[in-house]
Amino acid sequence: MKTIFYYAYIGDDSTSAEDLMWRLNYIDNQMEFISCLARKNNINSLFTVATLPKQCDGMFMQIATKNNFCIYTKSISRENQFEYPGFAAIKDFADSAHPEHLIYYCHSKGAANRSERSLGIFKYHQVININNSVIARIKQHDIVKAGLYPSKSGFLWHNFFWVKASYLATKKIEVSSDRYYYESLIGGDFNDISKKTLGTLFIKPPSEDFKILDCYDAKDILGKKELDLMYNEHISIKP
């Protein structure tokens with residue numbers, strides 16, 4: 001039981017036509033990338049959520065359909081509420097899902113500020129996270145959420161993560177003017193083993209347990225220079 005949710009920020013009525021078109025093409029690239037990884041790892045349940053002006057509805061529907069995504073019911077927003085539409089959708093899904101159902105959340109990182117470098121960061125996360133070996137280890141260790149860069153406060157840096165429906169169902173999702181609210185929301189008490197997160201795949205061999213680390217501790221993971229090299233490496237990666 002695995003489902004992927006992708007939140008796309010395209011814009012609102014004040015967004016220029018040039019920016020809207022750039023973001024639609026950028027989002028098409030990201031959705032195609034996710035779809036390819038999902039197919040390789042036998043994940044057939046793909047949903048998308050979006051913030052966009054009405055004139056983009058048709059094109060967004062075409063992009064979603066082409067890439068095997070369904071638009072999640074009641075999850076189209078017309079105003080910038082940061083990642084609220086995405087979190088509201090996964091929370092709604094989790095409330096009626098089996099407790100062990102694994103939900104993957106990702107978003108259109110780089111779309112808002114038209115950052116090609118962020119596309120590399122985005123793809124790097126997806127290649128690591130949307131992988132059957134990661135999913136198997138989540139189940140094996142009976143943890144409730146996992147991502148590439150966990151923090152010691154229990155959230156996942158960059159907001160790409162797997163989460164069990166049972167954990168998400170305990171969370172209250174609200175509209176907030178603080179964009180960082182949606183990054184901290186998935187966190188919890190780091191000392192509570194039922195809420196612990198998992199570290200990166202490149203810390204230990206796949207046969208070993210994940211290591212719990214904060215990604216800003218460079219001596220434990222990698223320094224900024226090495227991370228930049230890894231991000232840039234994956235800008236043009238083909239899954």
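User: Hi! Before we start, what kind of model is this, and how are residues numbered?

Analyst: Hello! It is a predicted model, where local features need pLDDT of at least 70, side-chain atom pairs count only at pLDDT 80 or more, and totals for chains, interfaces and linings use all residues. Residues are numbered from 1 along each chain as its sequence is written, and side-chain values use heavy atoms, with hydrogens and water left out.

User: Thanks. Which residues have the most contacts inside the largest nonpolar core?

Analyst: Ile4, Tyr6 and Phe60 do, in a core of 37 residues. A nonpolar core here is a set of buried Ala, Val, Leu, Ile, Met, Phe, Trp, Tyr and Cys residues joined through side-chain atoms within 4.5 Å. Buried means under 20% relative accessible area, exposed over 50% and partly exposed in between, with a 1.4 Å probe and protein chains only.

User: And which helix gives the most to this core?

Analyst: Helix 1, with 10 residues. Helices (H or I, at least four residues) and strands (E, at least two) are DSSP runs, numbered from the N terminus.

User: What does Tyr6 touch?

Analyst: Leaving out residues up to four places away in sequence, its contacts include Ile27, Met31, Phe47, Cys106 and Phe122. Contact means heavy atoms within 4.5 Å.

User: Which residues are in the second core?

Analyst: Among them are Ala97, Val163, Tyr167 and Ile186; this separate core has 27 residues.

User: Switching to strand 4 (102–107): how many of its residues are buried?

Analyst: 6 of its 6. Leu102, Tyr104 and Cys106 point one way, while Ile103, Tyr105 and His107 point the other way.

User: Does strand 4 run parallel or antiparallel to strand 1?

Analyst: Strand 1 and strand 4 run parallel, joined by 6 bridges, and Lys2 stands opposite Leu102. With strand 6 (residues 161–164), strand 4 runs antiparallel through 4 bridges, and there Leu102 stands opposite Lys164. Two strands pair if DSSP finds at least two bridges between them.

User: Last topic, the loops. Where does Asn42 lie?

Analyst: In the loop between helix 1 (17–40) and strand 2 (45–51). Asn42 has a positive phi, near 60°, and is not a glycine.

User: Why does Asn42 count as exposed?

Analyst: Because its relative accessibility is 56%.

User: What about phi in Phe82?

Analyst: Phe82 has a positive phi of about 55°, although it is not a glycine. Phe82 sits in the loop between strand 3 (70–77) and helix 3 (84–96), and at 30% relative accessibility it counts as partly exposed.
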